[in-house]
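Please examine the sequence and the coordinates together before reading further. The paragraphs below are meant to be followed with the structure in view.

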Amino acid sequence: MPNALIGQRFNLDDRVIRKFTTGFPNKFKIKRGSITEALTKTNKIGVKQYYYKVLWDDKRSSEHAQYSLESVE
């Protein structure tokens with residue numbers, strides 16, 4: 001059975017939220033946005049890592065690793 005977590009999880013225009021990074025969940029600080037670009041970077045041991053540029057609902061954009069994002073749907 002193939003591992004469903006390997007590979008690119010999100011497509012362009014997918015709605016995502018940023019996972020909690022502080023250790024304390026706060027429902028008022030949840031950032032929601034849309035994927036605008038998908039990037040693939042290779043780390044120093046040669047493994048592909050997936051990064052995404054996200055346009056947040058407050059019109060700011062930033063780049064995040066795949067593991068730090070969750071799908072809204």
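This is a predicted model: local features need pLDDT of at least 70, side-chain atom pairs count only at pLDDT 80 or more; totals for chains, interfaces and linings use all residues.

Residues are numbered from 1 along each chain as its sequence is written, and side-chain values use heavy atoms, with hydrogens and water left out.

The protein chain has 0 helices and 5 strands, and its elements run β-β-β-β-β from the N terminus on. Helices (H or I, at least four residues) and strands (E, at least two) are DSSP runs, numbered from the N terminus. Of the 73 residues of the chain, 19% count as buried. Here buried means under 20% relative accessible area, exposed over 50%, and partly exposed in between (1.4 Å probe, protein chains only). The chain exposes about 5,900 Å², of which carbon and sulfur atoms supply 53%; accessible areas come from the Shrake-Rupley method with a 1.4 Å probe, and for residues only the protein chains shown count as cover. Among contacts between residues at least 6 apart in sequence, 40% join residues at least 24 apart, where contact means heavy atoms within 4.5 Å.

Which residues make up the largest nonpolar core? The set consists of 7 residues: Phe-10, Val-16, Ile-35, Tyr-52, Val-54, Trp-56 and Leu-69. Strand E3 (residues 48-56) gives the most to this core, with 3 residues. A nonpolar core is a set of buried Ala, Val, Leu, Ile, Met, Phe, Trp, Tyr and Cys residues joined through side-chain atoms within 4.5 Å.

The structure holds 1 aromatic pair. Phe-10 and Tyr-52 form this pair in an edge-to-face arrangement, with 5.4 Å from centre to centre and 80° between the planes. Because Phe-10 lies in the segment before E1 and Tyr-52 in strand E3, the pair ties together parts that are 42 residues apart in sequence. Both Phe-10 and Tyr-52 are buried. Rings of Phe, Tyr and Trp (its six-membered ring) pair if their centres lie within 6.5 Å; planes under 30 degrees apart count as stacked, over 60 as edge-to-face and the rest as tilted.

Attention now turns to the charged side chains. A search of the whole structure finds 4 salt bridges, each defined by a side-chain nitrogen of Lys or Arg within 4 Å of a carboxyl oxygen of Asp or Glu. In one of them, the side chains of Asp-57 and Arg-15 meet at 3.0 Å, N to O. Asp-57 lies in the loop between E3 and strand E4 (61-65) and Arg-15 in strand E1 (residues 15-18), so this pair ties together parts that are 42 residues apart in sequence. Asp-57 is partly exposed at 47% relative accessibility, and Arg-15 is partly exposed at 26%.

Another salt bridge joins Glu-37 and Lys-53, whose closest N and O atoms are 3.8 Å apart. Since Glu-37 lies in strand E2 (residues 32-42) and Lys-53 in strand E3, the pair ties together parts that are 16 residues apart in sequence. Glu-37 is partly exposed, with a relative accessible area of 33%, and Lys-53 is partly exposed, with a value of 33%. A further salt bridge brings together the side chains of Arg-60 and Asp-58 at 2.9 Å, N to O. Arg-60 is exposed at 56%, whereas Asp-58 is partly exposed at 40%.

The charged end of Lys-41 sits over the ring of Tyr-51, 4.7 Å from its centre; the criterion requires NZ of Lys or CZ of Arg within 6 Å of the ring centre and within 35 degrees of the ring normal.

Some individual residues complete the picture. Gln-8 is found in the segment before E1 and touches Ala-38, Tyr-50, Tyr-52 and Gln-66, not counting residues up to four places away in sequence. Asp-13, in the segment before E1, has a positive phi of about 70° although it is not a glycine, and Asp-13 is exposed at 64%. Lys-59, in the loop between E3 and E4, has a positive phi of about 75° although it is not a glycine, and Lys-59 counts as exposed at 68%.
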